[in-house]
Amino acid sequence: SHVTYANRIMPSSIVDGFASRLQVGSFGVVGTTIFKDKFPTTPSNCVLIRSDGGAEIVGAPMIPYVVQVLVRNSADRTGQQLTEAIYSSLSRNGFQVYSGFQGRCTPRSTPGLRYTDENGRFVYSLSFDFTGLATLSS
């Protein structure tokens with residue numbers, strides 16, 4: 001049987017994969033404290049994941065993406081500690097499986113205070129380069 005690259009990984013799949021990985025790592029629960037693409041009004045203490053997509057490299061099975069993880073918390077130190085724990089978990093070297101596909105996370109930046117929102121909650125940001133392997137079919 002011949003192996004071909006069936007589809008490029010969609011940004012929504014990357015976000016779903018990161019959300020699942022954070023849930024498995026006990027950083028929260030998807031839909032309750034881990035959200036995708038946009039912060040909800042509540043809860044105050046939660047994590048947001050979004051992807052800017054990636055540039056397709058014609059004929060290459062590896063596809064680069066930029067993934068942003070935002071941690072919002074009403075307590076500055078608690079938000080910082082959670083951000084650092086997520087950073088440590090996601091920035092390990094090597095390939096890891098994210099919801100049915102493989103990819104490598106490389107940190108673009110160390111954890112940093114991004115801003116406080118309109119309700120005075122602290123928002124920390126992390127950015128990762130994520131290189132995903134296109135899905136395979138045989």
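1. Let's start with S26, which is exposed at 67% relative accessibility. Keep in mind that this is a predicted model. S26 sits in the loop between α1 (11–24) and β2, and its phi is positive, about 65°, even though S26 is not a glycine. That's worth a look, because most residues other than glycine have a negative phi.

2. D37 is another one to check. Its phi is near 75°, again a positive value in a residue other than glycine. You'll find D37 in the loop between β2 and β3, and with 51% relative accessibility D37 counts as exposed, because the cut-off for that is over 50%.

3. Stay in that part of the chain for the peptide bond from T42 to P43: it is cis, with omega near 5°. P43 belongs to the loop between β2 (34–36) and β3 (46–51). Most peptide bonds, by contrast, are trans.

4. Now for Q68, in strand β4 (residues 62–73). Is Q68 buried or exposed? Buried: its relative accessibility is 12%, and that counts as buried because the limit is under 20%. The Q68 side chain has a polar contact, at 2.7 Å, with the side chain of R50. Setting aside neighbours within four places in sequence, Q68 also touches other residues, including L48, I49, R114 and S125. L126 and S127 are in contact with Q68 as well.

5. Last, the cysteines. C46 is buried, at 3% relative accessible area, and C105 is buried too, at 2%. How many disulfides turn up in a search of the whole structure? The count is 0.

Technical notes: Residues numbered from 1 in each chain as written. Predicted model: local features only at pLDDT ≥ 70, side-chain atom pairs only at ≥ 80, totals over all residues. Heavy atoms only, no water. Helix = DSSP H or I, 4+ residues; strand = E, 2+ residues; numbered from the N terminus. Buried < 20%, exposed > 50% of the residue type's maximum accessible area, 1.4 Å probe, protein only. Polar contact = N/O pair within 3.5 Å; in protein donor to acceptor, adjacent residues only side chain to side chain. Contact = heavy atoms within 4.5 Å. Disulfide = S-S within 2.5 Å.
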